[in-house]
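Let's take a walk through a protein together. Have a look at the model below, and then we'll go from the whole chain down to single residues.

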Amino acid sequence: KAKKTKVTVAKAQISSVKAGKKKAAVTVRKVKGASGYQVQYTLKKSFKKSSVKTVRTAKTKVVLKKLKSGKKYYIRVRAYKKSGSKTVYGAYSKVKTVKVK
């Protein structure tokens, strides 16, 4: 009987968030074995589902565009790995805040 190995993904970390005019550049620390990263951002600290926007990227740097000037955004990230037809997600990083210019 073949033993099923559980695919796990390490917790991602945001290394930096830089604010620009109506945008924010998020840099994620590379996670070994990850297929990509899911960056979530919202104006609500609670990350209420209806208010959250999600960006998936294979790169470690992503620029969030069309943000509202002068607003404070909450950003978190998690790594994911594709395993066959399944996608396995790691834990969310600590939430970082950024005030958009």
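**From the whole chain to single residues**

The protein chain has 101 residues, and 35% of them count as buried. Keep in mind that what you're looking at is a predicted model. If you wrap the C-alpha atoms of the protein chain in a box along the principal axes, that box comes out at roughly 60 × 25 × 20 Å.

So what is the chain built from?

Now zoom in on one strand. Strand E3 covers residues 36–42, and glutamine 40 is found there. Is glutamine 40 buried or exposed? Its relative accessible area is 9%, and because buried means under 20%, glutamine 40 counts as buried. Its side chain has a partner, too: a polar contact of 3.2 Å links glutamine 40 to the side chain of tyrosine 92.

Next, hop over to lysine 71. You'll find lysine 71 in the loop that runs between strand E5 (61–64) and strand E6 (72–83). Lysine 71 has a relative accessible area of 41%, so it is partly exposed, as that label goes to values between the 20% and 50% cut-offs.

Which residues form the positive surface patch? They are Lys44, Lys45, Lys48, Lys53, Lys68, Lys71, Lys72 and Lys99.

Key. Residues numbered from 1 in each chain as written. Predicted model: local features only at pLDDT ≥ 70, side-chain atom pairs only at ≥ 80, totals over all residues. Heavy atoms only, no water. Patch = residues over 30% accessible without salt bridge, like charges linked within 9 Å, V, L, I, M, F, W, Y side chains within 5 Å. Areas by Shrake-Rupley, 256 points an atom, 1.4 Å probe, with all protein chains shown as cover. Salt bridge = Lys/Arg side-chain N within 4 Å of Asp/Glu carboxyl O. Lys, Arg positive; Asp, Glu negative; His and termini not counted. Charge placed at Lys NZ, Arg CZ, Asp CG, Glu CD. Helix = DSSP H or I, 4+ residues; strand = E, 2+ residues; numbered from the N terminus. Buried < 20%, exposed > 50% of the residue type's maximum accessible area, 1.4 Å probe, protein only. Polar contact = N/O pair within 3.5 Å; in protein donor to acceptor, adjacent residues only side chain to side chain.
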